[in-house]
Amino acid sequence: MPTILADSFTTSLAKLTNDEQKQVKLTAFDLQTDPNRPGLQFHRIDVSKDPNFWSVRVNRDLRIIIHKTGDSVMLAYVDHHDDAYKWAERRRIETHPRTGALQIVEVRERVEEIVVQPAPARQPELPFLVPATPSVSTLPLFSKLSSDDALSIGVPEDWIRDVLDASEDRFFALAGHLPQEAAEALLEYAATGVLSKPAPVAADPYSHPDAQRRFRILEGHEELAAALDEPFEKWAVFLHPSQRALVDRDFGGPVRVVGSAGTGKTVVALHRVARILRDEPQAKVLLTTFSEPLAAALKRKLGVLLADTPSLADRVTISSFEQAAADLFALMTGRKAYLVGREKLRALITGAANAGGTTKHTPQFLNSEWEHVIDAWQIDSAETYATVLRMGRKNRLGAKQRDELWTVFAEVRRQLRAKALLTAADLFTVVTNHFRDRADRPYTHVVVDEAQDLGVAELRFLNAIVSSRPDSLFFAGDIGQRIFQQPFSWKGLGIDVRGRSFTLKVNYRTSHQIRRMADRLLPESVRDVDGEEDQRKGTVSVFDGLEPVIVVAPTTEEEATAASQFLRNLLEQGIPANEIGIFCRSNDQIARASKVAELAAVATVSSLAGRGPDEALLIGTMHLAKGLEFRAVLIVACDEGVLPLAARINDVADEFELDEVVATERQLLYVAATRARDHLFISAVAPGSEFIEDLSY
């Protein structure tokens, strides 16, 4: 007998204590093994509008709500006795008459609380609070839609009138009672004025793309165990139709999936890897990203997806860009690659310039020219340097200037080789040159997460180590989250994603209020060098929340007091400390972040490896936040001179580079802010960062 898992079950399971979850899982396994066994106590929920709802006893208080039809059992919900029964009494499971998707529908006449809109939730009062965004409109949002329009996008028949009468300040309360596809289509319409076409009717209600986002048919204990052991990671079980289409589709060339923070790009990348491994027994996949901590997180998440067939993981390598190159270098040469540190490299550049009498150019210019031109493009001769296009550089160089500069850079290269040292770009290039002309490549597929932080040498490297089949390269990233690399032409390196670049628009991780504030840091659309556009307008969050808090305090002491008060309020609401992060721009501000936790009397950790205990929150720089998510985030010390960081501003070589630095500093704040799901706090000492004004208008 098949077991069907509903996303409402994983959500409710996650709210129970660890001991309660263990008891529920044992009962769920018993149900899957033999739903007719005598020890299982079933009770029909007679007052429910749906006659197929039953309760199953877990212990004296806990009950699993199941839905029995034919020869299938659905795990629908779990809670303490009274709350579990109330959930079932207010719902029915049915096939939508227009779309054909199976839905969990709230019974309209039993949800009277939405008729009178409750007062919106507010953050606690704090000193030095920057005024919040003005309240939203009370005018009808959907007056131009017809009843048939509402029905076509999956709105249940008994909710159509509420939808058509809803104003903006009532809609989020209403949206929580609607099936996801209906709420998302309405949100998109409110944001763009476009009503998305309905999905085609499916013969099987479970096979409809909208049904697959909330129901999954499980075949064995391993699959059920994986789904229940990671209740917060619903992405491992349920995919949005727009995500599933990118996972399952075959493409005729390299693919790029973009979208703002929280839209599920990593989800798509992971499912793409799992699909390749399952469908192609000979596939050998590299799943890669920009750092080893993020690679470790990807490995854990992929393990959840492959729980039913763990042997598939033997054919995937998961590592950072640099580690992947270092491993191949070791296999090629039998020795370890030794990389030169940034400060050591800068000292070599300064020494070579002084020894050669090159005094016309500042150290900032020399360092920048090496990093963004010579090393990035792996210039190895005066002839190549004479012809290279210095994209975006404001300092134009004549032939004599390039000849003079090349003597400096050639000396730096000589000294590096004499000491058997490599830059990271050198490492990528050595491996690239080794595999470029070989038919036998290490990998059949490469899937890249955080692809916006690929540099020239990294992209060349990935293209060289993967097979030449059309669908061998799959990139997931957000141009708006680029914090490390300057832009360059992918097409110029032979990676042409034109016509195969797709934007995800549904934000699952971040509340409407947090997403709306963070989006003010970035333009509505971001265009790459090749003309591909990431259109950010029209992205919608699927849940409502509290307005973020911005505090600009007179002193660091008063900032710490306000931040610690906000933190204590979070803890008093029952949010575990390990679901809270405190971030700052650089290590120089870590003491200020630690002071906030100290005043709130909460333990802290400073690395991803130490995030285990419930009583410890993570403190780190904004770069550490990349790729993570929390229920609440505090970003402190956003002062003038700190954000953007004065040291980076002072290090720029020209106007173009200044613009790039300011842009990446904005994107860094955006990355940190969008790690928050429900609560966001941003603070500074007056006058505060120039970015604060953008956030608070």
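Modeller: Let's start with serine 72, which is buried, at a relative accessible area of 10% (buried means under 20%, exposed over 50%, partly exposed in between, with a 1.4 Å probe and protein chains only). This is a predicted model, where local features need pLDDT of at least 70 and side-chain atom pairs count only at pLDDT 80 or more, while totals for chains, interfaces and linings use all residues. Residues are numbered from 1 along each chain as its sequence is written, and side-chain values use heavy atoms, leaving out hydrogens and water.

Biologist: Where is the place of serine 72?

Modeller: Serine 72 is in strand 5 (strands are DSSP runs of E, at least two residues, helices of H or I, at least four, numbered from the N terminus).

Biologist: OK, rings now. How many aromatic pairs does the structure hold?

Modeller: There are 13 aromatic pairs. Rings of Phe, Tyr and Trp (its six-membered ring) pair with centres within 6.5 Å; planes under 30 degrees apart are stacked, over 60 edge-to-face, the rest tilted. One of the pairs, tyrosine 77 with tryptophan 87, is stacked, at 4.5 Å centre to centre and 5° between the planes.

Biologist: Which parts of the chain does that pair link?

Modeller: Tyrosine 77 is in strand 5 (residues 72–80) and tryptophan 87 in helix 3 (residues 81–89), 10 residues apart.

Biologist: Are tyrosine 77 and tryptophan 87 buried or exposed?

Modeller: Both tyrosine 77 and tryptophan 87 are buried.

Biologist: And which residues form an aromatic cluster?

Modeller: Trp370, Tyr385, Trp406 and Phe409 form one.
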